[in-house]
Amino acid sequence: MKKVPKKFITIIFSERLGHFINEQIEKIERINRKYAVPKVTMTPTARRILMVLRFYLIFLVGVLVYKFWTVI
Amino acid sequence: MNWFAKLFYHYRRTLKAIRIFFIISGPGIIVMLADNDAGGITTYAATGAKYGYSLIWFLLLLLPIAYYIQEMTVRLGAVTKRGLAEAIFDSFGSHWGWFALLDLMLVNWLTLVTEFIGMTTALSIFKIPPIVTVIVVCLFMGVMVVRGRYWTWEKVSLLFCALNLIYIPCAFLVKPSLESVLHQGLIPHFPGGSFNEFFFMLMANIGTTIAPWMIFFQQSSVVDKGLQEKDIIWGQMDTIIGAAFTVVVAIFIMIVTGTLLKGIEINSADQAVLLLMKNHKYIGVFLAIGLFNAGLLGAICISLASSWAFGEVFGWAHSLNHKVKEAPWFYFFYFLILVSSASVVLIPNAPLVTITLFVQVIAVTLLPAVLVFLMLLLNDEKIMGQYKNTLSQNIITGSIAVAIIILATLYAFSALFPNMFPTM
């Protein structure tokens, strides 16, 4: 049996890997399109609660980043 | 004759109700007992050792807290037939969806590492090397999902739940004074010492009672089991029985360490086991077995919670009723998180203490968001119809959610900045 050169194996592998990554990116884009519009009834209270949650999370992430910055 | 016919009718009705309950029950009991995972056992053992029976009343308060939060997932799952991850994507858009999904993956992965720490520590007491524990556990968990169906998986998990009750005979073996348990345990009081340490302990106990993975897990489990709207009442009973079991187990752990190790500072479960072995050989052994079982039960649920969530969002087949060929990505993801988290424990000098601390902190970024999403979804008439939250449910769950968010945030801050709160 003829031996397949290493170069070809690398090309096939990188092609397959590239194909796989492209497939996953497409899938993520499909998910983003599918869920682009939030379906929950956005009452003023719901809107306010989500806004507070956004600020809370930004603050928390800020604190975590600060902590790691000072530790490192 | 008439009363005999009535009696027979009631007997048949009760028998039928019990049969239905046994068919439908499972997700609630499993999630609640898995909540007493390796981290939970350590927290309860440390609380008992530090404060004796003084915080039993507080554990009783955790029963309605756990029930009201988890009960919402039963209704949401039975009505929408979707897991929470998919529901968040669909209702709040992909930005919130990706945030919840990726955060869940990170928190679950870290928590899974702590479960493996608990399991390897427990078995190392019996001189079993960590590598053997890790390989056997991974193989067992693999066979459990690959060879069976949802029903088989659930029954095996319930068997481990039953083993979680091992702490009950332990408490009888240490012969605690019933009068002291009732007197000190049921009357709320400040047991003395540093208020900060006391507050930290309360927060740790709440932190182990409600975790983000539990919310995702129970909803996905309800969906995979195929619960319908008419089964909600049974799902609620399943949840309240599970919540009662989890609190009973926690109380009995507290009684064991409160009787034998009162006044001793406990930092890890293996320290508690070794100290208990010196006092009473069998209790130490029981605690070690219980710790291993708790870690295993936690690992079983957490790894599935992640795979279910990813399967829902990516549209992969994601049921335990599917064979590996039918749902390859679901099982691949399950094994990926399982093996990767298990390998961390085997890395020499891995920062395991930092990881354990990290779990609590990262969980705080997810828990408030999940509670908010859950409340908003349960209040949407378009989604929930007649099963949406009532005013009284909103008042109770809203108060619980606000209290959990505040306490969890304070807990995370005290873990990140230990000197932030001055000693009182």
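This is a predicted model: local features need pLDDT of at least 70, side-chain atom pairs count only at pLDDT 80 or more; totals for chains, interfaces and linings use all residues.
Residues are numbered from 1 along each chain as its sequence is written, with chains lettered from A and ligands numbered from 1 in the order in which they are written.

Let us start with confidence. The model scores ipTM 0.80 and pTM 0.87. Within chain B, helix 4 (residues 56-80) has the highest mean, 93, and helix 10 (residues 195-209) the lowest, 80. Helices here are DSSP runs of H or I, at least four residues, numbered from the N terminus.

Now turn to the partner chain. On chain B, 19 residues are in contact with 19 residues of chain A; contact means C-beta atoms, placed from the backbone, within 7 Å. Helix 5 (84-124), helix 14 (281-314) and helix 16 (352-378) of chain B each give two or more residues to this side.

Finally, look at helix 6 (residues 130-146) and helix 15 (residues 328-346) of chain B, which pack at about 170° with axes 10 Å apart. Axes are lines fitted to C-alpha atoms over the stretch in contact, and angles run from 0 to 180 degrees between N-to-C directions. Helix 6 and helix 15 of chain B are therefore roughly antiparallel (angles over 145 degrees).

How values were computed
pLDDT is the predictor's confidence in each residue, from 0 to 100. Two residues are in contact if their C-beta atoms, placed from the backbone, lie within 7 Å. Angles under 35 degrees count as roughly parallel, over 145 as roughly antiparallel, 65 to 115 as roughly perpendicular and the rest as oblique.
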